[in-house]
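I am keeping short notes as I go through a structure that is new to me. Each entry records what I looked up and what I found.

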Amino acid sequence: NRNEKVENWGSEIVREIFGNKPDWFLSTYPDSSNLYKKLSNHIGVDKSKIMLTSGMDGGIKTLYEIMTDPGDHVGVLGPTYAMYYVYSNLFQTKLTEIQYFPNSLKLNWDQLNDYIDTKPIMIFIPNPNQPIEDTLTLGQISKIADKTAKNNTLLVIDEAYYMFGCQSAIELIDEFENLVVLRTFSKGFGVPSIRLGFMVSNEDNMEVLSKTRFAHESNSLRNAVAEYLLDNYKVVDSYVQKVIKGRTYVKDALTDLGIKCNGESANYLLVDLVNAEKRDKIVAFLEENLVYVKGNFSSPWDKYMLITIGPKEMMEPFIDLMSIVSEKYALSKDMRP
């Protein structure tokens with residue numbers, strides 16, 4: 001229910017990561033230079049344009065610290081990740097949600113364009129967004145970047161879930177001086193426990209952002225995990241491909257049951273359960289069977305539950321339960337046009 005890695009890593013991975021570390025590994029201050037080098041090679045961007053953060057949260061917080069004063073206007077696609085609301089409250093900004101249409105689940109582009117015209121300080125665009133996914137193409141991001149640049153608005157693209165099938169805006173960072181991209185090791189890399197993320201932008205922006213660096217923006221333990229995964233990226237990609245296949249399986253199976261769902265670029269699906277009453281009963285039924293989903297959305301999204309996708313074999317028990325649910329609550333009947 002938190003879009004985490006569904007499949008366990010296994011203790012042998014932990015032994016591989018830390019088994020060959022020198023005996024002084026825990027006795028010295030961390031040196032992140034090797035991680036910066038590996039990350040630079042992995043994403044094809046000079047290390048001077050990268051800054052490590054404490055998860056993606058750390059990047060969001062840094063941008064609020066540098067960019068905003070109390071009362072400033074900030075935009076975000078919504079509903080979305082809860083920390084956007086937390087930091088807006090903390091820094092006393094006026095947060096505006098750019099909405100999706102409840103029936104089509106498509107982004108309200110007119111509202112977005114009108115909001116950009118008000119010249120807010122900053123706009124966050126998770127791509128893909130969750131729980132409602134209407135993925136933006138690189139061309140669409142370019143148009144938004146161009147318009148926000150003319151209005152002196154910082155455009156921040158949150159790419160937490162991009163690894164599951166979305167285009168990245170990193171190649172645009174030198175074309176648009178107002179663009180910052182946020183990444184994390186929590187989703188596609190599957191290690192939310194290490195709380196590691198990074199920001200990518202042009203060198204001029206990084207000169208400003210880097211002034212917020214701690215003495216050590218990461219630590220040796222998280223660096224060791226991240227370096228191992230970058231060196232053994234085939235392990236990461238293998239799981240990502242399993243999730244993509246699992247996503248296709250779940251979508252097809254739910255469609256066969258007459259249940260609508262939305263999502264094609266991330267490790268989650270938004271499932272339509274007709275109304276709030278049925279949603280609550282189905283979420284409770286799944287929990288009784290040790291399947292945990294997110295089903296606490298308020299109106300107009302209160303008929304939906306969000307499910308985390310894993311490999312096909314791990315999603316099969318979920319589909320078995322949804323087969324029972326479909327009959328018990330007549331979902332397929334209610335879903336007919």
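Predicted model: local features only at pLDDT ≥ 70, side-chain atom pairs only at ≥ 80, totals over all residues.

**Notebook: helices, core, sheet and loops**

I began with a pair of helices, and noted that H2 passes H8 in a left-handed crossing. H2 covers residues 33–43 and H8 covers residues 220–231. I read an angle of about 30° for their packing, with the axes 10 Å apart.

Next I listed the residues that meet between these helices. From H2 they are Asn34, Leu35, Lys38, Leu39 and His42, and from H8 they are Asn223, Ala226, Glu227, Leu230 and Asp231. I sorted the residues of this contact of H2 with H8 into four nonpolar, three polar and three charged.

**Phenylalanine 185**

I then asked where phenylalanine 185 lies. I found phenylalanine 185 in the loop between strand E6 (179–184) and strand E7 (197–201). Is phenylalanine 185 buried or exposed? Its relative accessible area is 0%, and the cut-off for buried is under 20%, so phenylalanine 185 counts as buried.

I looked up what phenylalanine 185 touches, leaving out residues up to four places away in sequence.

**The core**

I asked how many residues the largest nonpolar core has. The number is 110. Those with the most contacts inside this core are Leu63, Phe124, Phe185, Leu286, Met305, Phe318 and Met322. Helix H9 (residues 233–256) gives the most to the core, with seven residues. As background I wrote down that nonpolar side chains tend to be buried together in soluble globular proteins.

Methionine 322 touches Leu254, Leu257, Ile259, Leu273, Leu286 and Met305, not counting residues up to four places away in sequence.

**A sheet of three strands**

I traced an open sheet with the order E8-E9-E10 and antiparallel pairing. Strand E8 (261–262) and strand E10 (304–308) each have a single partner strand, so one side of each is left without a neighbour in the sheet. Two bridges join E8 to strand E9 (residues 268–272). I found cysteine 261 opposite valine 271 in E9.

**Backbone entries in loops**

I looked at two cis peptide bonds. One runs from glycine 78 to proline 79, with omega near 5°. Proline 79 is in the loop between strand E2 (73–77) and helix H4 (82–90). Another joins glutamine 130 and proline 131, with omega about 10°. I placed proline 131 in the loop between strand E4 (122–126) and helix H6 (138–150).

I also checked phi at two residues. Glutamine 92 is not a glycine, but its phi is positive, about 60°. Glutamine 92 sits in the loop between H4 and strand E3 (94–98), and is exposed, with a relative accessible area of 53%. Asparagine 152 is not a glycine either, and has a positive phi of about 55°. I found asparagine 152 in the loop between H6 and strand E5 (154–158). Asparagine 152 is exposed as well, with a relative accessible area of 69%.

Key
Residues numbered from 1 in each chain as written. Heavy atoms only, no water. Pairing = 2+ DSSP bridges. Helix = DSSP H or I, 4+ residues; strand = E, 2+ residues; numbered from the N terminus. Axes fitted to C-alpha atoms, helices over the stretch in contact; angles between N-to-C directions. Left-handed = near helix turned anticlockwise from the far one by under 90°. Contact = heavy atoms within 4.5 Å. Nonpolar A, V, L, I, M, F, W, Y, C, P; charged D, E, K, R; others polar. Buried < 20%, exposed > 50% of the residue type's maximum accessible area, 1.4 Å probe, protein only. Core = buried A, V, L, I, M, F, W, Y, C linked by side-chain atoms within 4.5 Å.
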